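Here is a friendly walk through the model you are about to open. Have the viewer ready and follow along topic by topic.

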Protein chains: 2
Amino acid sequence: MTPEPLQATPQRIIRADLSRLIEPGDLLAGLALERFGAEALHALITSGRTASASERQRLAEAAESAGLGPRQRDLREGLARWRPRCDQLHAAADLAAMGRLGGGVLTPEDPGWPQQLKDLGPSAPVALWFRGGEEPEEVSLNRLPGPNRTVAIVGSREVTDYGIRVTAELTEDLVRAGLCVVSGGAYGVDAAAHRAALRTALEQASRSAPGSESAVRSCSAENAGKAPTLAVMAGGLDRFYPAGNESLLREVAAQGLLLSEMAPGSAPTRHRFLQRNRLIAALGMVTVVTEARWRSGAQSTAHHALTLGREVGVVPGSIFSASSAGCHRLLRETPAQLVRDAADALGLVTGAVPARAPSRNPVHPELPIPAGPKQPQDGLDEAQRLLFDALPRRGLSAPGKLSAVAGLPLPKVLAELTRLQRSGHARDVNGQWGRA
Amino acid sequence: MTPEPLQATPQRIIRADLSRLIEPGDLLAGLALERFGAEALHALITSGRTASASERQRLAEAAESAGLGPRQRDLREGLARWRPRCDQLHAAADLAAMGRLGGGVLTPEDPGWPQQLKDLGPSAPVALWFRGGEEPEEVSLNRLPGPNRTVAIVGSREVTDYGIRVTAELTEDLVRAGLCVVSGGAYGVDAAAHRAALRTALEQASRSAPGSESAVRSCSAENAGKAPTLAVMAGGLDRFYPAGNESLLREVAAQGLLLSEMAPGSAPTRHRFLQRNRLIAALGMVTVVTEARWRSGAQSTAHHALTLGREVGVVPGSIFSASSAGCHRLLRETPAQLVRDAADALGLVTGAVPARAPSRNPVHPELPIPAGPKQPQDGLDEAQRLLFDALPRRGLSAPGKLSAVAGLPLPKVLAELTRLQRSGHARDVNGQWGRA
């Protein structure tokens, strides 16, 4: 069928305009939105009229309680920086263009608006542009993951084989468990996460195996048609950035969704990259850093998540690897928790206590984790252990000798010997004892 | 000179006897020592007389407040298990034999007694046998490290190349800093720690380099003649265990010290190995686990250290390595702290806050850690960053355009452009601006 342009309601036009006028994370703009509403703020900015004393007063109060400095509180300052792009407003055309790309814009009033973004308060995005592949946006919007169904996976652009393997295995297990992996579409860890999510979703779709897969199928059923992965971009969704990831990002759009708070045509500036990280942190119920250098955008995403009160999981690595230095830094300097696998990550999502044992065999993921080598002394109390230690491996020895060697009273020795014999630990040969 | 047997004072004879009669970690015995004193307890055990009601009462009270169960509180039970070895007492001969091996026995009354052991309370060792190589014990005793000069390094017997490298580099830096590394003389991590400590001490002794080594030399001077490493054994010091480590343990005895709470001739039973771990934890001001499997003696040593209120450091590794599974378990399930290098470990000893940056370049230990790639935007405030991002890399653009692209008011743009020009970020060509 031919794509329908997203219905250009006044509400959407207004938010689309504001998303072009206001830089991401502009706290004063967010407070103005809360105080005045989108329509009034839009009118004030675009009309060019001077802000009234009462408007300035109301905003200044909100800004002061939000901790903004005297100059940052000034509505006139805000208008001065929001107005310069007024001559670039063409929201109806933007919406039509994005509609042709199978996308559109979401506003907080839309049912599809991700509720976790509310945690950002006044620094929540003005609007959320999305791109879902060459099909009507109504269909692609259905792919938005349900609540508590997202995990952000981030890390460095320079990634090692270890980082790729960690990211891929973690992502595969999370997607199999029905979760959606949120990342930034960048090189390195981001790309590894998106790729693994897409691959796993295709495997599940094409899978028909019974039995052992039932749990997985139930997840995927309950999760049918949901995006296995979301890529949150720092620029407009009319372009793919970085160019080297174009084919990957097209695939993310086709199977999942691309998201951005920037209007089409907006360039991904450094400031927008840093602000983009707060969206990734807010969209994920938990953020996991799989491999990060000492200085990395993943650090900023992790700190955003912690500021939002979200749990942060971090995968450790070799202390000799510069590519894990940022992970170890987070584990030392923040409340981030060490994560070994998807079970650990899910434990953070659900707030469950750490598993007492890893859910996956670290060496052979297909095998259960061994409880460690079984010891013959397992299950023995201390006296029995002392006595078992004293029993000769070869040959035999008399209870009196055992009493001295084990440091146990003779009656105790005689009592415990019969117990050890019953439990198959000791053998009795005419009153002389040895190990069974 | 010919070795002098350690002076066989009554006090030493009594403690030496008790160290043969009483199994390590016997809480009731420790409480009896506190209540009655070593001499009276020795007399009571060896005399064979029945314990008086008042003796039983006094001990039962202490045992009850220590949380022992009704039967465990009974002095008669204790005597029954302490007496069976009375016919094996030959402390004078033991002392003479150990003296010939350059060793002897320490009692809590000796000035050389490690004060950290007091933290063990009633489960402190009855006595501490030592062996310091083929020389008079007075000399080898001088090697005992000063207070706050010990770090315990432990891990699994099965060790990977990673575990060996981690253990060796950590030990080298700690010994260079004048610390004594305490371990258990076992295969794997223990052996790697002892070897690295001995090697580093020899390098320092033979070193005469000036300048950069001054810090090291001052440390080693203040630390002259001190043991670079201590091996705490689970059996008597007349034998070397495990046999495969004999030459290493001989070298530890020659340059450092072997320690054990077991009298000569005592076998290293499993119970004694587990109890030995509490001595390692108590002797180290901090315990560092460098590589440990899911099930490992290092786990028990770490838990002993935490119980004693000591800090525990843990080196992370690959989540795919079964040899690091125990380390990650400790980091998840205990207050143990992640340790990357000697600076981190020393931070735990001194209780210093974690360093904000690793003291050693993870990749090239000889180089300082880089602060990360220097960014042209470093040191710019947010408005300046927005403007710098908006400046074209090639070509020029007008302030009005920059105001729109950056989302900044025109006056602000003009003001910041001149600032950026001064700081060498922007260039002005007849009123058109670009990046410098």
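In chain B, helix 16 (residues 382–390) packs against helix 18 (residues 410–422) at an angle of about 85°, and their axes are 10 Å apart. At that angle, helix 16 of chain B and helix 18 of chain B are roughly perpendicular to each other, a label for angles of 65 to 115 degrees (under 35 degrees is roughly parallel, over 145 roughly antiparallel, and the rest oblique). Axes here are lines fitted to C-alpha atoms, for helices over the stretch in contact, and angles run from 0 to 180 degrees between N-to-C directions.

Please keep in mind that this is a predicted model: local features need pLDDT of at least 70 and side-chain atom pairs count only at pLDDT 80 or more, while totals for chains, interfaces and linings use all residues. Residues are numbered from 1 along each chain as its sequence is written, chains are lettered from A and ligands numbered from 1 in the order in which they are written, and side-chain values use heavy atoms, with hydrogens and water left out.

**Helix packing and domains**

- From helix 16 of chain B, Ala383(B), Gln384(B), Leu387(B) and Phe388(B) meet Lys412(B), Val413(B), Glu416(B), Leu417(B), Arg419(B) and Leu420(B) of helix 18 of chain B; contact means heavy atoms within 4.5 Å.
- Helices (H or I, at least four residues) and strands (E, at least two) are DSSP runs, numbered from the N terminus.
- Chain A is assigned domain 1 (10–89), domain 2 (115–350) and domain 3 (382–435), with bounds that come from an automatic or database domain assignment.
- Taken over C-alpha atoms, the centres of domain 2 of chain A and domain 3 of chain A are separated by 60 Å.

**The sheet of chain B**

- Nine strands of chain B make an open sheet with mixed pairing, in the order 1-2-6-5-4-3-7-8-9; two strands pair if DSSP finds at least two bridges between them.
- Strand 1 (103–106) and strand 9 (337–338) of chain B are at the edges with a single partner strand each, so one side of each has no neighbour in the sheet.
- Strand 4 (residues 180–183) and strand 5 (residues 229–232) of chain B run parallel and are joined by three bridges, with Val181(B) having Thr229(B) as its bridge partner.
- Helix 9 (residues 189–205) of chain B packs on the sheet and touches strand 3 (150–155), strand 4, strand 5 and strand 7 (286–291) of chain B, its direction making about 140° with that of strand 3 of chain B.
- Helix 15 (residues 342–349) of chain B also packs on the sheet, touching strand 3, strand 7, strand 8 (311–314) and strand 9 of chain B; its direction makes about 150° with that of strand 7 of chain B.
- Strand 5 of chain B is also joined by three bridges to strand 6 (residues 257–260) of chain B, and the two run parallel.

**Buried parts**

- Along strand 5 of chain B, Thr229(B) and Ala231(B) point one way, Leu230(B) and Val232(B) the other way, and all are buried. Buried means under 20% relative accessible area, exposed over 50%, and partly exposed in between (1.4 Å probe, protein chains only).
- Helix 14 (residues 325–333) of chain B has seven of its nine residues buried, so it is largely enclosed by the rest of the structure.
- The cover over those buried residues of helix 14 of chain B includes strand 9 (337–338) and helix 15 (342–349) of chain A, together with strand 7, helix 13 (297–307), strand 8 and strand 9 of chain B.
- Thr171(A) sits in helix 8 (residues 161–176) of chain A and is buried, at 0% relative accessible area.
- Not counting residues up to four places away in sequence, Thr171(A) touches Ile153(A), Val181(A), Ala193(A), Ala196(A) and Ala197(A).

**Backbone details**

- The peptide bond from Tyr241(A) to Pro242(A) is cis, with omega near -5°, and Pro242(A) lies in the loop between strand 5 (229–232) and helix 11 (246–255) of chain A.
- In chain B, the bond from Tyr241(B) to Pro242(B) is cis, with omega near -5°.
- Asn148(B), which is not a glycine, has a positive phi near 60° and is partly exposed, with a relative accessible area of 46%.
- Asn430(B) has a positive phi near 50°, lies in the loop between strand 10 (426–429) and strand 11 (432–435) of chain B, and counts as exposed at 76% relative accessibility.
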